Every structure is written in structure tokens, then in C-alpha cells.
Amino acid sequence: VKCILKKMNRDYKTILRMEPDVGIGNGGLGRLASCLMDSLAMLQYPALGYGMRYQYGIFEQDLWCGVQVERPDNWLLTQNPWEFRRDCHAQNVHFEGTIIPKTNSHGDEVYDIADYDEVRALPYDFPILGYGANKNFSVLTLRLWSTKESPRNFHLQKFNAGQIDEAGENTLLTDVLYPNDNHEIGKRIRLKQEFLLVSASLQDIVQNYLGASKDITGIADKVRIQINDTHPALVVAELMRTLTKDHEIAWGKALEITRECCSYTNHTILKEALEEWNEHRIEKLLPSQYKVLQRLNGDLCQEIRKRFPNDESKLRRMSIIEGGQIKMAHLSIFGSHRVNGVAKLHSEILKDSIFKDFYEMYPERFVNVTNGVTQRRWLLFANPKLCAFLEKRIGNGWITDFSKIKGIASYASDKESQEEFLAIKKENKQALLDFLCKDMKEKHWGGKDLKAVCFCDSDALFDVQVKRVHEYKRQLMNALHVIMRFQEIKENPDANYVKRFVLIGGKAAPGYTLAKNIIRLFYCLGRAINQDPIASKFIKVHYIENYNVSKAEIIIPATDLSEQISTAGMEASGTGNMKFAMNGALTIGTDDGANVEMREEVTDKYWPFLFGSSASTNIKIHHEKSYNPRDIYDKNPKIKKAVDALQDRTFVENDAEHEALYSLYQTLLENHGFADRYFVLKDLDDYYNTQKKVDALYQTPNKWAEYAIQNMAGMGNFSTDHSITNYAETIWNVKPLPPSEEELEAVRQEYLENDRCRII
Ligand code: 8GP
């Protein structure tokens, strides 16, 4: 294909880039799932992924003078050749209705349901090709449900009666992805989406199983369901309902089977992200599942009473249903045989704090599986020049066995390798600048923003923070460091500074005003700094609009310094951190999430930019309520000056901007007992000093290259291949199962029948 395109004077990569991103997730959680699918396929595990075919995925971000404006992501506008609608696998999902109690053959109360609302879910299959040089590769399916195309989902009678919103509710059910990252809002349609995913997928799983075996009681020998955060947690209740009612299995046995099948991955400890549903909402929408939830809660309470008699407060803390709310994490833990966090530190925090009571009761359930990323997308595809560098030295084995990347360590102190590495980095930086220039020209026809990008040069240190915007990720701390640097240059313009290009990118949830104000702050900083004749010689600031996977593939290979600066204890793992390091960036970071394990692998010697207070200290201070950011502000003049710039109109041009920046000032200092919740000022001084160390090392390029190569070499454990092997061994107890020639041929034929590209 590459050859033919070349003859036609077309560029293969440019054409690939025309394809829109599949933006059916918000941030790290969804992107991880994608990497896990790639590894499952490459390693030839018999797996299937389920999700939703949102008509509109994560919104596109426009910045209008620094203000985030959301546009719908119309990724299905032109035909999508990679999906295949499989009507024969459609499922019906039932909502609402009246319950009619009866008993199963074991005397358990089960429920028929009358007058329900039926929604038809149609699956669209996406083939996930496992990487393989030989013919014997694997193809897995990502099955995404949609309610859009089924005419029966539209309630014509309601429409004719003037109830227009209700008429279209089910047709529109899978239309839009809720755009919150690490934040739940408890909306009814969201609950409907979640149950649609659960019910349709579970029916699919059970049908699949019964197609091969007649005995439903053996399902736990063949099926594993990984509850990927609590969004599909209702699967516990629905599997119990199916087993006890449809298959006449006794309640106790059903619970055993459910637990053996299910396990749960937690991806965050943030309170506002832990899902809870209003009891009445569930009762109305899912009446028979609600009955199951009540009984599960009863079972759990009984168990707690037996183990910890007379501990009513423990009972309240651990209940699935409490205070009119249903706690999805508690349901997931109770219905699973394993619960895992996504990095060592995170898994420990689960045991010590948010799930402490459950850990005391079920210690054997709690394990850790550290996240990874797929080196096939994030190195092989995204960074061909660095791959050639690797191939010359250590061959290609790392593509399917990433532990081999450690071989590159022996070249870290080799001068020729260092220079080649630096040359590649420079080319990637130039490619990023070219891309940003083009991107901005197309959007802003060479407005004043453009100058900043086009006149930056590839010798500058590229300092990058790209991720969803959230207070705990502390983009605000990054901004304050930029301000400190700017003020320093202004005070002492004749000193020599390392040239920096500070790039930030990421979307804010549409309703998250504070996060939007942080974006606006960067815009204001860029406008002032990039036009300042003195400061702009040494520092430029640019907010990358609409950060997404495609942009990440260009940005990450061009990065020198990766900013992983979350408040220690708050970022469950992070996965961007791994992508940067395997592309030869050094990390400036706190000891948070997977940073800790990355540092251990790379060793402290080559991880020189660790800073900030530890997770345990942060947790302690949080509990003691002893933190007072104003002390720091009062005692440290440099910090005071930077923070004051948020309120003294240094960077703003109008009242709206002033208001936005002032609100950030207030969160740092004035928020009635909650000032600076994420300890920005606490870590700022250390961060600032560590940034000085960054400058120093960057001035000796060969040494920098040596460190960067050592960082790449330390990334062997951070492939999702490694994570999947851990899931398979410690949680699922399954082995790879390469497809037979006949199976592959059958899949090939099935796809060919639907192929709209006419590939023969
Ligand atoms: C994210 C974590 O924030 C990130 O550290 C981690 O790398 C990633 O999951 C993959 O494990 N968590 C979420 O996005 C998250 O918990 N979101 C849902 C609760 C809404």
C-alpha cells in the first residue's frame, strides 16, 4: 500500500491521519482499555470487549480566546469501514415495569415483570487485530452497542401524543458519551446506558456459553467478566437475577458462580468519582434488579454482623444500600473474587483507606495489577525514527516482548548512540512544530497565537503536560511555575536561561468551571509571555487545542520533559507517564501512581526530578486538617509574587479574564477551610527548584540523552502485555488460546461478507 501511494504522490501517514479518532472514552480509563485489547489480541487470549457505540464521542475542544467551547464529535459522519453491524447478535433490554413475585424451584423469591419498556441493542463489531509477523495472529472483537438504528426503539404513539422527549429517549440512548473524567453525576440516562451495556453484554455472554455447553452451572469454568471500574457493576445483580430466575439456580450457588466469574478493577480514589445511585431511581428503572440488590445487601449485612458483632458504624460504612444511595463499588467488591488497583501505591491505598473495611473482611480478594500501555501504538507506530534506532541496536524483539527494551541500557553511555538519540528527538520536535503551525493556520488563519508556535525552535526544551484538566493533576502548579520563571527573567533579563517551550493540552469537563479557568490562565500567560520581547527569547507557552490520541502520537515522541505532577496519592496510575518515558522523555514528577514503580525500575540515579510531598504525608495532613497555604504564601516572596499575579491583572486584558484568574487565586487561599485542597503551594517551592535541576541537566545534552535512554530501558514492565499476563494469572486463571486456521478463516469470511472496502 505504501508503495502504491508513493507512486500516486500520496503520503501513507497523512492518509492514516484523515481517519477520525474513536473517541468513545474520556481519558486514561478508556485509553487503557484500548491498550489492553491490543495486548489481549497479540497474546492470543480468547477475549471480547464490550462498550457503547456513542454517536458522539468525547467532544471536540475549541478555544475561543482561551475559553473552552465544546463541539460535537461527529466521528461517524463519513462511513466507518472498521465496523460491522451484526443484527443476528442483537439483544432486548428491559426497563421499568411492574414486578410479579414468584419462587424458583429452590424456594428463592424471583420476579416476573410486566409492562416493561423494551429497548433493542444492536451490536457493531470492531475487529481488533493482534500484532503478529506470522500468519497465526489473532483477531478479537470489540462489540459496541447502539440503540439508534432499531425503529422499534422510537415510541411513535408517544410522539403522536406530543410527548416528543419521551418518544425519542431510547433511540437517543447511545447518542452521547458523558464527558466527565474522574467525576460522576448520577443522571438517569447515564444509568440507562450502563444497564443497557450490562444487560446486552451479559445476554451475549450467556448465549455464547450455552451455544457450547448445555449446563449453565458450569459457566464459571469458562467465563470471566472484568468489571472495568463500576460502570458495569450492575452485572453482579443481573447475573444473579439471570441465574436464579431464568436458570433456576439456588441463590447461594448463584452467588458462588457470580463471584467466580466477576472481578473488579478500581481506577480512582476520588470521592466525587465513586458511583452511587439513588435508590428510588434504581427501583423505578430496574425493579427486579433492585430486589436482587436488596437481597445482596442483606447477605452482606448478615456477614458483617457475624464477623463484627455490634459494630453498627462498620455496617453502615460497608453496606451496599445506605442512606437512600446504592454504592456501586461495594456491590462490585461483594460480587467479585478479586479486586485490583492499577498501581502498587494505589492498590495499597485501597486497602488502607477507601476499602479498608472490605480488606479486613476479604483480605485475599485484594491484589494489584499495574497498568501499562501498548508499545505497538506508542512506540512502534508513533515513533518510527526511534524504532529504527532501537532496531539497529537491540533488534525487534521488544515489539512482542517489551522486557527486551532493557537491552538499550548498554548503549546509554555510548556517545554515538546519545548523539543519534538527540538528533531523532530534534527531528520529532521539528515535526511537532510543523504540525502545530499547520493545525493553527488552518484554524486561526495566522492570528497572533500562531507566532508563538512558529517561531519556537527545536533546540528549546519541550516541557509537556497533556492530560484531562483536573485540580488534582495540578496544571495550576505548572502555570505558577511558568509565572515564576517569567517574573525571574523580567527581574534579571541579562542572565542566561535555558530556552523552554511549555506545551499544555487537555479537555475540561464542560461543567467544571475551575478547570476551564485553568485553561484560560494558560491562554493569558501565552499571550503575555510570547509577545514579551525579552521573556519570549527564553520561554514560550502554548495550549494545544483539542488534545486527543492522534495528537498524542505526534506530541509524545517530541517531548523532552514529561510533567507528572499530581498530588501524591491522588492519581491511581497514570499511563501517559509510561508513553513519554518509552519515547525518551525524562519525568518531572511526584511519587504518585505508577511513577513510583517507574522510578524503581529506572533507579533513582536516572530519575533525578522527583519532588513533592509523599502520599502518606498528604493523607496525614488531610486527616489532621493542619494545612494552611497562607503560611507558605506569606513566607515565600517568590510564591507570593506568582500567586498575586493571578489577582493583580498582570496577565489579563478584560474583566472576564480577571474573574477567571481571580477564582483560581481564591481556590488557593480563600476557600473557607478547603483552600488549596490539592497542596499546590505546598509542593511549589520544591517543584520550582527541581525545574532548576532540569535546566542544569539539559545544558549537558549527552548526559541528558544518557538519562533518557536509561529511562526507555526501564520501561519493560509497563507494557499492557505485562498487565494482561498478570490479569490472566492472578485473576482469571486463563491461558492463551491461539485460534485454529479454520476459526480464523471463518472470521475472515464473516468480515468479508460485510466488507465495504472490497478487499479481496
Ligand atoms: C483513571 C485514573 O485517573 C488514571 O490514573 C489511570 O491511569 C486510569 O484510570 C487507568 O487506570 N481513572 C479514571 O479515569 C476514572 O476512574 N474514571 C471513572 C470514575 C469515572
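A salt bridge is a side-chain nitrogen of Lys or Arg within 4 Å of a carboxyl oxygen of Asp or Glu. In this predicted model, the side chains of Arg143 and Asp204 meet that criterion, with 2.9 Å from N to O. Arg143 lies in strand S9 and Asp204 in helix H6 (residues 188-212), so the bridge ties together parts that are 61 residues apart in sequence. Both Arg143 and Asp204 are buried.

The structure holds 53 salt bridges. Another of them joins Asp112 to Lys102, at 3.3 Å from N to O. Asp112 belongs to strand S7 (residues 109-114) and Lys102 to strand S6 (residues 98-103), ten residues apart. Asp112 counts as partly exposed because its relative accessibility is 28%. Lys102 is partly exposed as well, with a relative accessible area of 38%.

A further bridge pairs Asp721 with Arg376, at 2.8 Å from N to O. This pair links distant parts of the chain: Asp721 sits in helix H31 (residues 720-732) and Arg376 in helix H16, 345 residues apart. Both Asp721 and Arg376 are buried. Salt bridges also form a network, which links Lys314, Arg317, Lys356, Asp357 and Glu360.

Thr370 is found in the loop between strand S16 (366-368) and helix H16 (375-381). Its relative accessibility is 12%, so Thr370 counts as buried. The side chain of Thr370 makes a polar contact of 2.5 Å with the side chain of Glu597. Neighbours within four places in sequence left aside, Thr370 is in contact with Val342, Ala343, Lys344, Glu597, Phe718 and Ser723.

The largest nonpolar core has 117 residues. Within this core, the residues that touch the most other members are Leu480, Leu525, Val643, Leu668, Leu681 and Trp704.

Residues up to four places away in sequence are not counted here; beyond them, Val643 touches Leu480, Tyr633, Tyr665, Leu668, Leu669 and Leu681. Helix H27 spans residues 637-644, and its buried residues are Ile639, Ala642, Val643 and Asp644. The cover over these buried residues includes helix H20 (475-491) and helix H26 (629-635). It also includes helix H28 (655-669) and helix H29 (680-698). At the N-terminal end, H27 is capped by Asn636. A side-chain oxygen of Asn636 lies 3.1 Å from the backbone nitrogen of Lys638.

Nonpolar side chains are found on the surface too. Phe154, Leu156, Phe159 and Ile164 form a nonpolar patch there. Together they have about 360 Å² of accessible area. Phe154 is placed in the loop between strand S9 (139-146) and helix H4 (156-160). With 34% relative accessibility, Phe154 counts as partly exposed.

Notes:
Residues are numbered from 1 along each chain as its sequence is written. This is a predicted model: local features need pLDDT of at least 70, side-chain atom pairs count only at pLDDT 80 or more; totals for chains, interfaces and linings use all residues. Side-chain values use heavy atoms; hydrogens and water are left out. Patches are made of residues with over 30% relative accessible area and no salt bridge: like charges are joined within 9 Å, nonpolar side chains (Val, Leu, Ile, Met, Phe, Trp, Tyr) within 5 Å. Accessible areas come from the Shrake-Rupley method with a 1.4 Å probe; for residues, only the protein chains shown count as cover. Helices (H or I, at least four residues) and strands (E, at least two) are DSSP runs, numbered from the N terminus. Buried means under 20% relative accessible area, exposed over 50%, partly exposed in between (1.4 Å probe, protein chains only). A nonpolar core is a set of buried Ala, Val, Leu, Ile, Met, Phe, Trp, Tyr and Cys residues joined through side-chain atoms within 4.5 Å. Contact means heavy atoms within 4.5 Å. A polar contact is a pair of N or O atoms within 3.5 Å; within protein, one must be able to donate a hydrogen and the other to accept it, and residues adjacent in sequence count only if both atoms are side-chain atoms.
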